[in-house]
Amino acid sequence: MFSWFANPHRFLTLSSWLAPICYALGALLIAWGLWQGLWIVPKDEYQGGDIMRVMFLHVPAAWLAMASYMGMAVMSFIWFIWRHEVADIAAKAIAPLGATWTALCLVTGSIWGKPTWGTWWQWDDARMMSVLFMFFLFLGYMALRGAMDTRQKAARAGAILAMVGAINVPLIKFSVDLFTSLHQDASVITVDGPKMAAVYLWPLLASGLGHSLLFAGLVMTLMQAEIWQRRAAQIRARLIAGD
Amino acid sequence: MSIGALLSATDLGMIRGERILFRNVSLAAHAGDAIVLRGANGAGKTTLLRILAGLTRPETGKVDRSAPHHWIAHREGLKPHETPFTHLGLWARAWGTSAGQIDAVLDKMALIRPSGVSARHLSAGQRRRTALGRLLLQERPIWLLDEPLTALDADGRELLLGMISEHRMRGGAIIAAIHGDAGFDSTCEVMI
Amino acid sequence: MSAAPIISAFRQALTEAWAGGAGALMPLGFFAGAAVLVPLGIGTDPNTLRAVGPGILWVALALASLVTLERIFQADVEDGALDLWLQTGAPASMIAAAKAFAHWLTAGLPLAILSPVFAVMFQAKADTSLLTHMGLYALGGLAFFFWGGVGAALSATVRRGGLLISLIALPLYVPTAIFGALAMSGGPGSTGAPLFLAASTLFALAVAPFAMGAALRLAAD
């Protein structure tokens, strides 16, 4: 199955119509989700009043922070085992976008935290800490790729690091959970879980799906750019070699 | 590719970045052969040798080695704190051969006097002789040599050329990247 | 496959660590310097120092490992020793593990052994718990050196790779730092923490060598 997608040409034709659809649907869903979230749904005093509306940005960002790291690790694994070039291009494209959404998650979480916890940064919150370490993993991945002198080496080094990071994520998560569970106080609010009111559920789902589609569209665009860039470099190399 | 070859390589191709370094390189080394790799600076001689040694993965093609090999390159593998004596002793142990022959090797390489001097104080030629001494620690049919004459004086060159012809007479093969002629008597040259 | 190349790699790393940079003395000096800066920075209140002491020592240990690791594989790439090790027929992962272990022995273990001295400077009570802590520092340090080794092997061909090693290794240091500090906190959860620390060190010993081996093969490519 991977091999079918592994052809850059096939990817370009596929993404040339799939990416615009992702953008259009994503924009619609995000717009509807935000409109519902910011103006229509009632505010929840228990969740901190109007500030809880940041949830419609924060929760999708948190979801994408985790999903994108896992996506990057899976792509790295596929590249490492089968050497499908498109998988490496995907991993490379996911990294900066994943880092952006992870940062968005941290910033919105911090904004939400200020009125509810009374602090911008809560060391006791396991989720904030885990996401912060995820952000570092993304930064390390990008820095390592950037430091390698050829794209083949960047792909190999990046794949090794992404896989090492991925198998460490559960351990990091566990240790952070243990760390925070010992000094957690009652002010911490859980947004997830079945007790959330249904009025919030649909806008939140729409937002989450919209962000995912937007993310997918951006990944495809970055991948297209990378493929064209590699082709241009190949042509340049051939011209220099006089081939 | 070739029956009875100690080392054979088929259709090797290599890409660095987007640049094609070389392609369709094939060679076979039989007992007694001396293959010289020729090419301009940056043509990929060192990369080809590294592929033959199994250090670098070729983009296309494959390498078959039917016998163990020795490796001598620009970067000699000496640690700054190692002396010729400790270096050869370490590798004799690592390769599981007797360390009793080290004095003989040092003698042959004319390294008796500096045998206790650490590599950071050795001259380039002495470091090179130390590295070449590894060739004598263990009998291995294939020698892969990258510019082995670099930094050697006239005596050193003669010594190495003598070692190479003895090795070939014993049924060994060498593959070397050598710049210039240097009185090197090769059975075959590969241009890349 | 024989173990001879792995033993030789271990011996070479051991002598190299002692020869280049006064062996354990330099990391020890760094460790001491980092630890001594803290009371100057946060004040000398004995209660504060007693509370932060173990944590500070963990951080100093992590930093000392990072500083030590910068050159362990980079030097092998530059002087050509890596090429020779990769041609011995021994698995690259075992060679890498032998080197990381040797560097832990010369730089990590001495720090752990001297930890009671620093703990007492941080106003800890001088009792047998300091010996237990010594064991925990040794165990955690081993994990630091193996995960740090992954960063060092990945950036072996990068000039001035020190910052890169830190960026790669720090997220991987998190579980060890948390379990380690928790085990010494004496608070809730501190009874199970030593076991978690041991488990995460075992995990590092099992996983990190393969990553280091793959990274070294890449560095030689």
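**Exercises on chains B and C**

Strand β6 (residues 142-146) of chain B pairs with strand β7 (residues 173-177) of chain B in the parallel sense, over five bridges. Strands pair if DSSP finds at least two bridges between them. Helices (H or I, at least four residues) and strands (E, at least two) are DSSP runs, numbered from the N terminus.

This is a predicted model: local features need pLDDT of at least 70, side-chain atom pairs count only at pLDDT 80 or more, and totals for chains, interfaces and linings use all residues. Residues are numbered from 1 along each chain as its sequence is written, while chains are lettered from A and ligands numbered from 1 in the order in which they are written.

**Exercise 1.** Find the order of the open five-stranded sheet in chain B, then its edges.

*Solution.* Step 1: the order is β5-β6-β7-β3-β8, with parallel pairing. Step 2: β5 (69-72) and β8 (188-191) of chain B each have a single partner strand, so one side of each lacks a neighbour in the sheet.

**Exercise 2.** Name the residue opposite B:Leu145.

*Solution.* Look in β7(B): B:Ala176 stands opposite B:Leu145.

**Exercise 3.** Describe where chain C meets chain B.

*Solution.* Step 1: 21 residues of chain C are in contact with 18 residues of chain B (contact: C-beta atoms, placed from the backbone, within 7 Å). Step 2: α1 (4-19), α4 (74-79) and α5 (81-86) of chain C each supply at least two residues of the side of chain C that touches chain B. Step 3: α1(C) gives the most to that side, with eight residues.

Conventions: Two residues are in contact if their C-beta atoms, placed from the backbone, lie within 7 Å.
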